[in-house]
Amino acid sequence: MTPNSSGVQFPTDSAGNRSSGRLAKQVVADALATVDPAAGDRVHKIKDWRKGYIQPFTELVSAGVADAAAWDGVARAALDSLQSRMVGVHEVDGRMVETPMTDYLAVVPSRSTPGTETVHGTAAPATELSIPYRGEELSGAMLRARLDRWVDAGVIEPSCADALRLVQDNPEWLSLPGRAMLVLGLGSEMGPAARLLRWGADVLGVDLPSSPVWDRFRQQAAGFAGRLHFPTDADGRPGIDLLTQLPELAAWARAAAPAPLTVGSYFYADGGTHVQLSSAADALVVDLLKDGTADALAYLATPMDTFVVPADVRRASDAALAARKATDVKRIVGALTGQKVFHRNYEKGHGPAVHDALVPQQGPNYTLAKRVQRWRATTAFADGHTVSVNVAPATDTRSVTKNKILAATYKGAHAFGIEIFEPATSSALLAALLVHDLNVGRPDVGVQWEHESHGAASGGLWRQPYLPRTALPVAALLGTVKR
């Protein structure tokens, strides 16, 4: 976008340029400074941000392992820094002006309220939880057995299996009675919309006017038991742009909501646009929570990030490492490379640990965009709202397969005990976890990171022996050979 484009934008520098990298460094430095001013200063000195972003993003997590105030403070400082710097560009009296995103929706009125088209499903609501897996639709005893196998293999956490079993035991939850789901990114492969509609839920769908998703969902109506509502322009065409029509989207959500909203963020975009979308969505959820239009939030956390994991996860990984024989090739290569390859997953110690799965291929824009969502999940939960935030398994989506390195890595990941999920499996599993979270309500956690780690489905990354960044390059090599 050009500096004069309207909508949600990065701030300009002294030369009038808009830079996602400069913004990210400022946000991370501001957040780190709340717990370690020296660390904040170090961020500004990083010359190659794409290569240097991993350490400070990891420090943002490690600061809150044993300090709930630090965990919450980092999140609030980061969001304040981001949204006070990001701007909404809009026209006032014939000239373009910039308003910080913290104030954008309070200052810029909607030019009009979009109309609503509703697609009514004609199928009967689901009466049991089922999840597609490798050509089968698993339910009942078959699904319980698969959950057991995933837990035994470390693919999902025991708390994830417990949540899914509880949904199995309460199929009346599947339709989300008494609430509606606002899905930002209706066409997302990982999003819950299609499953929720099959289960009988009310869904408000948001995606671009140019998206093919509208015709696809209309054509699938015979398989839906719920209702899909989406915004339309003056000519009845569906779709809305989160970046350039944010005030209109807020007005539509208030007008179209048939029940209290859960706002779910499932969008994806390449590069800096993903950060812009996260900034826009964050402004929207703050606005909708403020007057009670929304009473819950939902996010998916990428497994390729940094998390705090419970002590039992660390112990399982350590045990897997200790079980390696002296003749194991991974152990030998690790020793020969000074642990630059096949470095242990967690540093030696006891208790909760920091799991660092950040890899350079993901890039700082993607990491920042996903952290914005985790930061808002943290603050909203602390402020008393219901928040569903679940660590998703690595999934073979289009955004992965178009990146040759990541695609090869996923093909070879099985050699390290990591299961790569198909999109249909992930979206159904995560939709069921969402149903659990919204029906059970706020969990009782002692420290905030437990809210993120509860119910995680890391695909095996958390409990395998090696730091992902030092093992996945080998997986990529294996995946390249496999192709």
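## Surface, overall form and helix packing

The protein chain exposes about 19,500 Å², of which carbon and sulfur atoms supply 52%. The model discussed here is predicted.

### The chain as a whole

The protein chain contains 20 helices and 14 strands. Its radius of gyration is 22 Å, close to the 23 Å that the globule rule gives for 483 residues, so the chain is as compact as a globular protein of that length. The C-alpha trace spans about 70 × 60 × 45 Å along its principal axes. Of the 483 residues, 56% are buried. Among contacts in the protein chain with a separation of 6 or more, 78% are between residues 24 or more positions apart.

### An enclosed helix

Burial can also be followed within a single element. Helix α4 (residues 54-62) is largely enclosed by the rest of the structure, because seven of its nine residues are buried. The buried residues of α4 are I54, P56, F57, T58, E59, L60 and V61.

Two packed helices are described by the angle between their axes and the distance between the axes.

| Helix pair | Angle | Axis distance |
|---|---|---|
| α8 (residues 158-169) and α18 (residues 423-440) | about 75° | 9 Å |
| α7 (residues 140-152) and α8 | roughly 170° | within 9 Å |

Helix α8 and helix α18 pack at an angle of about 75°. An angle of 65 to 115 degrees counts as roughly perpendicular, which means that α8 is roughly perpendicular to α18. From α8, the residues C160, A163, L164, L166 and V167 make the contact, and from α18 the residues L429, A432, L433, V435, H436 and V440. By class, the contact of α8 with α18 has 10 nonpolar residues, one polar residue and no charged residues.

The axes of helix α7 and α8 cross at roughly 170°. Angles over 145 degrees count as roughly antiparallel, and α7 is therefore roughly antiparallel to α8. Here the contact is formed by G140, L143, R144, L147, D148 and V151 of α7 together with P158, A161, L164, R165, Q168 and D169 of α8. The residues of the contact of α7 with α8 divide into six nonpolar, two polar and four charged.

Residue L164 of α8 takes part in the contact with α18 and also in the contact with α7.

Notes:
Residues numbered from 1 in each chain as written. Predicted model: local features only at pLDDT ≥ 70, side-chain atom pairs only at ≥ 80, totals over all residues. Heavy atoms only, no water. Axes fitted to C-alpha atoms, helices over the stretch in contact; angles between N-to-C directions. Helix = DSSP H or I, 4+ residues; strand = E, 2+ residues; numbered from the N terminus. Parallel < 35°, antiparallel > 145°, perpendicular 65-115°, else oblique. Contact = heavy atoms within 4.5 Å. Nonpolar A, V, L, I, M, F, W, Y, C, P; charged D, E, K, R; others polar. Rg over C-alpha atoms; globule rule 2.2 N^0.38 Å. Buried < 20%, exposed > 50% of the residue type's maximum accessible area, 1.4 Å probe, protein only. Areas by Shrake-Rupley, 256 points an atom, 1.4 Å probe, with all protein chains shown as cover.
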